[in-house]
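Opening the notebook on a new chain. I want the overall layout first, then a look at one residue.

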Amino acid sequence: MFYAIQARNLVKTYVNRRGFIRRRTERVQALRGVSFNVRSGEVYGLLGPNGAGKTTTIKIISTLLIPDSGEARVLGYDVIHEAQKVREVIGVSLSVERGFFWKLTGYENLKYFGMLRGLSGRYLDERINYVLEIVGLKRLGGDKKFFEEFSLGMKARLAIARALLHDPRVVILDEPTLGLDPQSARTIRDLLVKLAREEGKTVLITSHNMFEVELICDRIAIINKGVIIAEDTVDGLKKIVSREIPVVVEAWKKGLTSDSLARLIEEKLKIKPTVTVDDKGFIRIKSLVAIGEEDRFIHNVIGVLQNIGARVRSAKTMEPSLEDVFIKLTGGETLG
């Protein structure tokens with residue numbers, strides 16, 4: 001099978017120097033042997049929390065960082081020794097604002113970056129009009145508006161348009177819908193699927209949005225603390241928790257914190273559920289429970305809540321999600 005992207009045992013350590021009078025060196029290992037393959041024409045997601053190593057990984061693949069060890073290839077080109085070849089076949093977006101000129105229109109910005117890519121004349125104009133159309137900026141007037149007038153959603157669309165301008169075979173996007181309104185996020189998700197299905201492009205995205213990757217990705221790698229801990233289709237990943245079922249208990253009581261309630265439940269019941277308490281006192285307790293043990297879990301949790309004067313609102317079982325898989329694999333961490 002031909003792989004558009006290959007990563008083998010990528011290792012990267014950042015060295016931070018802190019202090020003014022007493023200088024000290026701190027080493028942070030961002031990647032600890034990351035390996036994965038992305039098939040040609042698929043949408044592949046790197047899913048993980050902030051600081052997991054997602055951005056470091058795609059920066060290496062995009063030739064923006066050199067790994068301490070390991071290797072990566074894009075369409076067969078080595079990202080270190082054949083970096084220029086890699087840059088010719090990839091389109092990259094790592095930020096929705098970086099590099100654009102605020103006093104130029106969307107069209108003028110793309111023309112500038114197209115010329116830097118060596119595009120010119122009628123072909124460049126056709127590509128600009130095409131990418132503006134497919135990302136939905138034409139109908140929003142983004143071709144004529146100055147970049148400083150763009151909303152965050154329009155900036156994100158222009159960043160993707162820039163990545164697609166030279167018609168790359170591989171598209172690499174870091175958190176492409178982060179902070180966007182629902183309509184803009186949906187437009188971008190639909191576009192990424194279209195690029196893979198209709199144009200045959202390979203799309204690699206990073207995200208900590210489980211809903212997003214579940215919707216659009218053919219396969220997903222879950223990365224945590226610089227290591228890929230699982231890789232499969234959505235259905236394949238959910239089989240990891242096939243013998244367990246998520247149970248959610250919701251209640252209300254002011255004056256609690258997530259940490260204090262989690263410690264109390266752990267002390268009383270010897271379990272470590274995911275506990276959230278918002279500033280209005282709304283409590284949500286979620287845990288993976290062995291099938292057949294749901295009633296016992298609900299009874300025990302309700303008992304703890306009633307003992308502290310909390311008002312129980314509901315208790316229910318749910319379908320397993322990618323969050324449940326992640327929590328299972330990491331022993332309780334969340335993707336938030």
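The model is predicted, so local features need pLDDT of at least 70 and side-chain atom pairs pLDDT 80 or more, while totals for chains, interfaces and linings use all residues. Residues are numbered from 1 along each chain as its sequence is written, and side-chain values use heavy atoms, with hydrogens and water left out.

Whole chain next. I count 11 helices and 14 strands, taken as DSSP runs (helices H or I, at least four residues; strands E, at least two) numbered from the N terminus. The C-alpha atoms fill a box of roughly 75 × 55 × 45 Å along the principal axes. Of the 336 residues, 47% are buried, meaning under 20% relative accessible area with a 1.4 Å probe, protein chains only. I also checked contacts (heavy atoms within 4.5 Å): among those between residues at least 6 apart in sequence, 70% join residues at least 24 apart.

Then I zoomed in on Lys54, found in helix H1 (residues 54-61). Buried or exposed, this Lys54? Lys54 is buried, because its relative accessible area is 4%. Its side chain reaches the backbone oxygen of Gly48 at 2.9 Å, a polar contact (a pair of N or O atoms within 3.5 Å, one able to donate a hydrogen and the other to accept it). Leaving aside neighbours within four places in sequence, I find Lys54 in contact with residues including Leu46, Pro49, Glu175, Thr206 and Ile223.

Methods
Buried means under 20% relative accessible area, exposed over 50%, partly exposed in between (1.4 Å probe, protein chains only).
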